[in-house]
Amino acid sequence: MTIVTRRALVGFGAAGAGLLLSGCDQLANQPGFRKILFSGDKINRGLQRALSDRATLAPEFRADQMSPNFRVNGTRNPNTPDYNVHVASRFADWRVQIGGLVDRPLSLSIPDLGAMPQRAQITRHDCVEGWSAIGKWQGPMLGTVLQAAGVRTSARYIVFTCADLYNGAPYYESIDMVDAFHPQTILAWAMNDQRLSVGHGAPVRLRVERQLGYKHAKYVAKVDAVASLDGIGRGQGGYWEDAIGYDWYAGI
Ligand SMILES: Nc1nc2c(c(=O)[nH]1)N[C@H]1C(S)=C(S)[C@@H](COP(=O)(O)O)O[C@H]1N2
Ligand SMILES: [Mo]
């Protein structure tokens with residue numbers, strides 16, 4: 001117990017310190033505990049680093065660093081009859097359904113998303129195909145939305161189902177709860193201070209700034225909290241993960 005200084009113990013009072021010491025001593029004297037304690041020291045430091053790394057912010061940029069041309073990639077226009085009706089009405093009837101393992105399923109319009117506390121960020125998008133672009137994104141934090149829906153403690157992943165189809169199945173993506181509650185993870189309805197264009201995912205897309213481009217689901221129609229990714233698509237957590245084995249965890 002050499003690491004516990006007298007000064008640190010003052011706050012506990014004599015009885016508390018005694019309890020602490022005797023409790024620790026008892027445990028620390030058991031050979032099994034000592035082994036776990038000392039081997040675990042390294043592991044815990046690694047785990048700590050991994051967890052704090054995942055909480056750090058992606059770099060943000062100045063307005064004058066924004067790309068004059070932000071490439072459109074993947075689906076350029078879902079172009080389904082249903083989506084085209086929404087384009088014609090400028091997405092007035094679009095609703096993002098927040099469901100799955102939540103206490104209060106929500107059905108949010110774009111004005112609803114705009115009325116929530118907003119975050120704006122100028123970030124760099126990195127696509128695995130070898131291009132990057134810097135743009136400004138705005139929307140509520142996904143964490144705020146999930147909290148409003150009363151996401152349950154049993155939820156382990158958030159799944160985003162999109163309006164565009166690949167071979168008849170919707171594009172989809174998923175992230176874990178660390179990324180879901182990361183402050184730069186937002187449901188963006190504005191890009192570069194304008195409503196999202198069809199090319200970039202109108203009327204709402206995910207921005208998950210610590211991850212590669214394919215995780216940033218465009219045309220988001222459904223957000224579901226789930227306990228497992230089994231049975232969703234082919235179970236690998238996303239369209240490209242299923243189709244060609246892209247890593248589910250695309251943290252950068
Ligand atoms: N719904 C949907 N989301 C998607 C895609 C897509 O084809 N459909 N492509 C992904 C890929 S690979 C990238 S790089 C980005 C491209 O976003 P952008 O068109 O705004 O550049 O969206 C991602 N999200
Ligand atoms: Mo991409």
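1. Two strands count as paired if DSSP finds at least two bridges between them. Strands are DSSP runs of E with at least two residues, and they are numbered from the N terminus.

2. This is a predicted model, in which local features need pLDDT of at least 70, side-chain atom pairs count only at pLDDT 80 or more, and totals for chains, interfaces and linings use all residues. Residues are numbered from 1 along each chain as its sequence is written.

3. Strand β3 pairs with strand β4 (residues 131-139) in the antiparallel sense, over 9 bridges. Within this pair, histidine 125 faces alanine 133 of β4.

4. Both strands belong to an open sheet of 4 strands, with antiparallel pairing and the order β3-β4-β8-β9. Its edges are β3 (119-127) and β9 (194-195); each has a single partner strand, so one side of each lacks a neighbour in the sheet.

5. Is strand β5 (residues 157-166) mostly buried or exposed? Here 9 of the 10 residues of β5 are buried, so the strand is largely enclosed by the rest of the structure. Buried means under 20% relative accessible area, exposed over 50%, and partly exposed in between, with a 1.4 Å probe and protein chains only.

6. β5 pairs with strand β6 (residues 169-176) in the antiparallel sense over 7 bridges, and isoleucine 158 stands opposite isoleucine 175 in β6. The hairpin of β5 and β6 has 2 residues between the strands, and asparagine 167 takes a positive phi near 50° there.

7. β5 also pairs with strand β11 (residues 220-226), again in the antiparallel sense, over 6 bridges. In this pairing tyrosine 157 stands opposite valine 226 in β11.

Conventions: Chains are lettered from A and ligands numbered from 1 in the order in which they are written. Side-chain values use heavy atoms; hydrogens and water are left out.
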